[in-house]
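Hello,

Here is the structure we spoke about. Please open it first; the findings follow below.

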Amino acid sequence: MASSATSPVQTTDAASLQDARAHWRAAVLRVRGETERRAAHLSAEDQIVQSMADASPTKWHRAHVTWFFETFLLKPHLPGYAIFDERFPFLFNSYYVAAGPRHARPQRGLITRPNGDDVTAYRAHVDEAILRLIDTVEDDETSRVFAILEIGLHHEQQHQELLLTDILHAFAQNPTGPAYDPQWQPPKPAAGPRGFVAIPKGIHAIGHADDSFCFDNELPFHDELIPDMRIGRHLVTNGEWLAFIEAGGYETPSLWLSDGWTTVQNEGWQAPGYWGQKDGAWHVMTLGGLKPVDPTAPVLHVSYYEAEAFARFAGKHLPSEAEWETAARAGLLADAFGTAWQWTRSAYLPYPGYRAAEGALGEYNGKFMVSQMVLRGSSLATPEGHERVSYRNFFYPPARWQFSSVRLAEFV
Ligand SMILES: [Fe+2]
């Protein structure tokens with residue numbers, strides 16, 4: 001769920017409302033179009049595959065985000081809206097218990113019908129209805145309706161990132177190492193001196209501070225105490241990770257949390273996700289296909305367990321999310337955004353005074369606040385306009401199919 005919508009919908013005079021309608025029409029076309037641009041690199045066969053229970057097929061992502069608008073925006077707010085297909089809510093509800101029963105997540109890849117063309121038609125049906133709602137909603141309903149629309153667009157952007165991380169996982173299972181996009185290039189790491197910089201000690205406020213959009217888990221804006229400490233300006237590199245591997249990092253139980261060591265043993269981890277030896281050298285699966293590991297690039301596809309073990313190996317720590325956000329707000333961090341999410345040592349918990357929203361959309365974030373760790377920043381897969389300094393991503397500690405990396409901290 002979210003806070004209030006952005007400023008264009010807060011006014012009530014006629015000219016401003018026309019501006020707001022135009023603003024949201026453009027936003028819908030831009031965001032919905034980006035999903036299709038990302039999917040356009042993939043064949044119909046690519047779009048069906050589900051390579052593990054945590055990853056979803058592209059076709060499912062395209063349909064699920066559409067179901068979200070149909071369920072939470074169109075059904076309640078567009079008079080006379082006709083559900084596109086009565087079978088779809090069961091197939092494309094993800095985890096909203098209040099919105100009804102749903103298909104089992106690990107079996108999404110078994111759904112060959114509706115086919116991709118059916119999903120394309122579903123998207124067109126819902127797009128037309130959203131645009132009609134924007135044009136026809138009563139003036140005094142615009143604030144409430146546009147707030148739900150805005151959540152739907154941010155939700156779709158979250159799935160745009162998952163579309164890429166999930167297809168990369170699928171392609172990584174393919175011995176031929178296919179490229180999602182042969183032209184894809186990794187982001188260039190920021191220049192400038194490496195090393196650690198001091199975070200201003202004291203009480204600092206974190207969380208979302210103004211009336212622009214945020215998810216409910218970024219609220220309330222609240223004070224945190226930052227100790228005397230320093231934080232890495234840059235992300236840990238592949239070269240530094242190679243030193244960890246060569247020093248026996250993956251074979252040294254004393255570096256690992258108990259659950260982490262169990263995972264290393266069970267999964268046979270010897271390197272970050274998607275790394276493998278080819279012709280005597282480490283290679284890594286990327287959106288551009290299988291590439292040699294670049295020792296100067298930030299390490300990607302590491303789990304919380306690996307991040308934590310690496311920090312211990314380096315004699316450092318992971319920053320807390322409050323420390324990360326304070327440093328980012330102070331402009332101290334290189335590659336805070338746009339390369340990889342950065343694990344923090346903070347468990348994903350409610351901020352002081354947090355309350356989930358009423359109703360089904362209250363399930364968006366609040367019910368996941370146990371057993372996961374917070375990641376901060378954004379990644380190379382995060383769509384433009386979706387990043388915020390207060391943004392809280394969260395995954396389970398063994399997860400490493402996201403674009404996840406490490407930034408170290410040290411206490412003084
Ligand atoms: Fe979703």
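Start with the largest cavity: Pro 57, Lys 59, Trp 60, Leu 91, Phe 92, Arg 108 and Ile 111 line it. A cavity here is a set of points, on a 1 Å grid over the protein atoms alone, where a 1.4 Å probe fits but cannot get out; lining residues have an atom within 4 Å of a point. Helix 2 and helix 3 (88–92) are the elements that give two or more residues to this lining. Helices (H or I, at least four residues) and strands (E, at least two) are DSSP runs, numbered from the N terminus. The lining divides into five nonpolar, no polar and two charged residues. Nonpolar covers Ala, Val, Leu, Ile, Met, Phe, Trp, Tyr, Cys and Pro; charged covers Asp, Glu, Lys and Arg; the others, Gly among them, are polar. The space inside is about 60 Å³. Volumes are the space filled by probe spheres set on the grid points, which are joined across faces, edges and corners. The whole structure holds four cavities of 30 Å³ or more.

Before the rest, some ground rules. This is a predicted model: local features need pLDDT of at least 70, side-chain atom pairs count only at pLDDT 80 or more, and totals for chains, interfaces and linings use all residues. Numbering runs from 1 along each chain as its sequence is written, and side-chain values use heavy atoms, with hydrogens and water left out.

Next, the largest pocket (an open set of points with protein on both sides within 12 Å along at least five of seven lines). About 1,200 Å³ of space lies in it. It has 45 lining residues, and Asp 54, Arg 105, Leu 162, Phe 395 and Trp 401 are the closest to its centre. Helix 5 gives the largest share of the lining, six residues. The lining splits into 21 nonpolar, 15 polar and nine charged.

Now the metal. His 64, His 155 and His 159 each coordinate the iron ion through NE2, at 2.1 to 2.2 Å. Donors are N, O and S atoms within 2.8 Å of the metal (3.2 Å for Na, K and Ca); water is not among the atoms, so sites may look incomplete. The spacing in sequence is H-x90-H-x3-H. His 64 lies in helix 2 (residues 58–77) and His 155 in helix 5 (residues 142–172), so the pair ties together parts 91 residues apart in sequence. His 64 counts as buried at 1% relative accessibility, and His 155 at 2%. Buried means under 20% relative accessible area, exposed over 50%, partly exposed in between (1.4 Å probe, protein chains only).

Last, helix 5 is mostly covered, with 26 of its 31 residues buried.

Best wishes
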